[in-house]
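I opened my notebook today to look through a structure that is new to me. Come along as I jot down what I looked up.

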Amino acid sequence: MIRRILCVAALSFFMSATFAQFRMSNGDNSPLRKLQYAEIAINNYYVDSVDEKKLVEDAIRGMLEKLDPHSTYATPKEVKELNEPLNGNFEGIGVQFNMIEDTLLVIQPVTNGPSERIGIIAGDRIVSVNDTAIAGVKMSKEEIMKRLRGPKGTKVRLGIVRHGIKDKLYFTVTRAKIPVKSVDAAYMIRPGIGFIRIGSFGATTYQEFMESMEKLRKAGMKDFILDLQENGGGYLKAAVDIANEFLERGDLIVYTEGLKVPRTEYNADGGGDFRQGKVVVLVDGYTASAAEIVTGAIQDQDRGIVVGRRTFGKGLVQRPFDLPDGSMIRLTIAHYYTPSGRCIQKPYKKGDNKDYAMDMLNRLKSGELTNADSIHFADSLKYQTLRQHRTVYGGGGIMPDEYIPLDTTVYTRFHRELAAKSIIIQQNLRYVDNHRKELQSQWPSFEEYKQNFEVPQSLVDAIIAEGEKQNIRPKDEAELEKTLPYLRLQLKALIARDIWDMSEYFSVFNESSALVQKALEVIQNSHPK
């Protein structure tokens, strides 16, 4: 007993001496010192062994989680993996994702990548990899990435939970080298009217955009539709360079400002190649960050009309802080503001990332996505455009000039279940594989295909038959008849994608898009430049 008392006393003395020495060498009792004391105590005296590196990383993550939704910590490996989609190419399953608590949420599959081709869609939650659970088990992001990544040509089996679908879905993805092309489509949608869809803003976006613009100008483009739907953003420089192409010398594109960061302005240099001609920008609730910068600049400078639904509202500027071991903190240091002074960032509660991530679902529940009359703005959120003094709105995101409600009736229950089980995608791929040479021979010209091709009844029948095998049936004849027009359009677009590319896919699909049709109407009715 005496020996035990002596040991405890010696330990207490040693611990006190250690802290005393630390205080002498480090000075005051600041919060930083408190954190250092805690780390020393745990590392030296905790009853079991601890991973000091992980302990510090967890502390950093814990601090950042109490700030805003976009301040993050990344390990050295995560830094490399996070930068790859913006820098050129990478190998993997081909999805952009975020972690919501401990669940991997697909933001969007990489266009024409292995995940998109087999039917993985935005909003899917990946919960298992090769039958090992990755959700609900406190697995680190690094460990999840290790399981998803692998050499080109190898396969990985993903378990997915999809909103509105009761059963877990399974997809086997063949990993591939993923080329990161940020311009998804570029074509002449009507005589004199060009169309470009940008999926993200990366290192090569501006170059891709300019090459596409040159091609369209040679084809006779005078007016222009810029599609930024589902564009999650990316590099500020790419956004500024693209906005510059539409604006006059000195026009403000965007400015940033923070408590510790002075105001920084980005202005057009007057050398843009598309300063004349009508412009329409298409946006939706997944248009974010750099895409909102371009949209806000064009709207506030009265250079074009914005069509669609309120954008995401990601207006926080992150600065990377590289740490000695190759890891990195991306810390929010400022806000983005449009030329009229609107803050792009939507409201959020510090530390409540879950509610922030559910914003789109909340918009749907509130009626904002389907009914313009449900949207109301306080007078304090009203701003004026800089030339024509039109009223625009702040409060988070960019509110379009022409609101287009989300059509929730496009997909029938029957169609949703067919798509959820990947029956449509799989049967389409099987059809194209079996008829590729025949299709290429019969339709050497896409324009002829678009004008005259009709989806064969045999393909539709194969989809319905496969649905029957998996116990997926239309409720009645009326539901089947309502499903068929959109199903045929989807199949025609998918076949075009597999025979040609994404421009042809969007060329088919855009003919049924309410946003695109409104954009054409806006241009043809000569809205102000």
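Which residue in β11 is the bridge partner of alanine 185? I looked it up and found arginine 197. I keep in mind that this is a predicted model.

**Entry: the hairpin.** I followed β10, residues 183–190, alongside β11, residues 193–198; the two run antiparallel and are joined by 6 bridges. The hairpin has 2 residues between its strands, and I noted that glycine 192 takes a positive phi near 85°. I then checked how covered β10 is, and 6 of its 8 residues turned out to be buried.

**Entry: aromatic pairs.** My count of aromatic pairs came to 20. I picked out tyrosine 255 and tyrosine 337: their ring centres are 5.0 Å apart and their planes are at 10°, so I wrote the pair down as stacked. Tyrosine 255 belongs to strand β13 (residues 252–257) and tyrosine 337 to strand β18 (residues 328–337), so this pair ties together parts that are 82 residues apart in sequence. Both of these tyrosines are buried.

Next I turned to tryptophan 443 and tyrosine 449, an edge-to-face pair with 6.2 Å from centre to centre and 85° between the planes. Here too I noted that tryptophan 443 and tyrosine 449 are buried.

I also found one aromatic cluster formed by Tyr411, Tyr486, Tyr505, Phe506 and Phe509.

**Entry: a lysine over rings.** Over which face does lysine 346 lie at 3.6 Å from the ring centre? It is that of phenylalanine 312. Lysine 346 also lies over the face of tyrosine 356, at 4.6 Å from the ring centre.

Notes
Residues are numbered from 1 along each chain as its sequence is written. This is a predicted model: local features need pLDDT of at least 70, side-chain atom pairs count only at pLDDT 80 or more; totals for chains, interfaces and linings use all residues. Side-chain values use heavy atoms; hydrogens and water are left out. Rings of Phe, Tyr and Trp (its six-membered ring) pair if their centres lie within 6.5 Å; planes under 30 degrees apart count as stacked, over 60 as edge-to-face and the rest as tilted. Helices (H or I, at least four residues) and strands (E, at least two) are DSSP runs, numbered from the N terminus. Buried means under 20% relative accessible area, exposed over 50%, partly exposed in between (1.4 Å probe, protein chains only). A charge sits over a ring if NZ of Lys or CZ of Arg is within 6 Å of the ring centre and within 35 degrees of the ring normal. Two strands pair if DSSP finds at least two bridges between them.
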